[in-house]
Amino acid sequence: MVNAPTSFDSQHEDIIHDAQFDHYGKRLATCSSDRSIKVFDVDGDAQTLVDTLKGHEGPVWSVAWAHPKWGSLLASASYDGRVFIWRDSGNGSFAKVHEHLNHSASVNSIAWAPHEYGLILAAGSSDGYVSLVAYDELSQTWDGKAKFMAHTIGVNAVAWAPATHAAALFGSATASAADSPTGATATALPARQLATAGCDNLVKVWSFDASAAANEAPSSAPLSLAAHEDWVRDVAWAPNVGIPATYLASCSQDKTVYVWTKGSPLDAEFVPHKVHTFADVVWRVSWSLAGDVLAVASGDNKVTLWRENAQGGWEKVSTLEE
């Protein structure tokens, strides 16, 4: 059963591009073409404006909360090519603590890595590059020098893979002996993986060397996933909390959504499964916390929910529309 949606006046003066809850679902950040970010306290059906964050010189496309292990940190990305990191100062207002200036065009998407890897932010830009911003706890400084060419005609979305192996249970980062080349049980975190969506119609999966520094770009070529016939607008990894495979969803300007699956860490390739061809452009995809329901937002003002059936197909279980 899906609860009826709740709406409220955001007090933005233009189109809202992103809205993200924090880890506990108690704070909501929104961003808009009015160049501002707004932070709300949420208590049931009540929303209270906490602060309005200004400083970007263009539309703000994306916001992302860091894990609460690092405090109340919020990142924002804008058409002005800049990424800001904001921290709750503790008195109901947010202060900018870092300004990332490593892109020459619009920054379209940002994502914090799972907290187990450290405080690392990935940013994807229309200049084709993905940059990494990492915080060093010893020196208490931010390092944003690392970047790599991901999609030559532009990056639309970035998403980090979970810090757990497929079929892990609720945060356990262990893999079975059957998945290990040596037959031993793996207790270390899996290597970092980042998925990117591009204007070249591709999804790419980048793997980082296990010994790589937090601010070090991947050293190997990515795995390219080709099925879409137009710009790929978003990518999202399903949480690994009991699902026996790795699931990665992608959506596109071509009106399709695919779920890419890989049964074992030893499998070399992802297998594409088309979820549906929609009536309009598909902008965003997002998984439920359990990883078994996929939400799809499309250009016809509808959000549809999908679940995999026993035969491996995908069925629509609900539709939300304005």
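## Strand pairing and the open sheet

Two strands are taken to pair if DSSP finds at least two bridges between them. In this predicted model, strand 3 (residues 36-43) and strand 4 run antiparallel and are joined by 8 bridges, and within that pairing Ser36 has Lys54 of strand 4 as its bridge partner.

An open sheet of 4 strands has the order 1-2-3-4, with antiparallel pairing. Strand 1 (16-21) and strand 4 (46-54) each have a single partner strand and stand at the edges, so one side of each is left without a neighbour in the sheet. From one strand to the next, the twist averages 20°.

## Aromatic pairs

The structure holds 14 aromatic pairs. One of them is formed by Trp65 and Phe94, which are edge-to-face at 6.2 Å centre to centre, with 65° between the planes. Because Trp65 lies in strand 5 (residues 60-65) and Phe94 in strand 8 (residues 94-100), this pair ties together parts that are 29 residues apart in sequence; both Trp65 and Phe94 are buried.

Trp112 and Trp142 form a tilted pair, at 6.4 Å centre to centre and 55° between the planes. Trp112 counts as buried at 12% relative accessibility, and Trp142 is buried with a relative accessible area of 16%. Ring pairs link Trp112, Tyr135 and Trp142 into a cluster.

## Charges over rings

The charged end of Lys147 sits over the ring of Tyr129, 4.5 Å from its centre, while that of Arg192 sits over the ring of Phe208, 4.5 Å from its centre.

## Confidence

The mean pLDDT of the chain is 90, with 91% of its residues reaching 70 or more. Over residues 170-186, however, the pLDDT is below 50, and this stretch has 28 contacts in the model beyond near neighbours in sequence.

Terms used: Residues are numbered from 1 along each chain as its sequence is written. This is a predicted model: local features need pLDDT of at least 70, side-chain atom pairs count only at pLDDT 80 or more; totals for chains, interfaces and linings use all residues. Side-chain values use heavy atoms; hydrogens and water are left out. pLDDT is the predictor's confidence in each residue, from 0 to 100. Contact means heavy atoms within 4.5 Å. Helices (H or I, at least four residues) and strands (E, at least two) are DSSP runs, numbered from the N terminus. Axes are lines fitted to C-alpha atoms, for helices over the stretch in contact, and angles run from 0 to 180 degrees between N-to-C directions. Rings of Phe, Tyr and Trp (its six-membered ring) pair if their centres lie within 6.5 Å; planes under 30 degrees apart count as stacked, over 60 as edge-to-face and the rest as tilted. Buried means under 20% relative accessible area, exposed over 50%, partly exposed in between (1.4 Å probe, protein chains only). A charge sits over a ring if NZ of Lys or CZ of Arg is within 6 Å of the ring centre and within 35 degrees of the ring normal.
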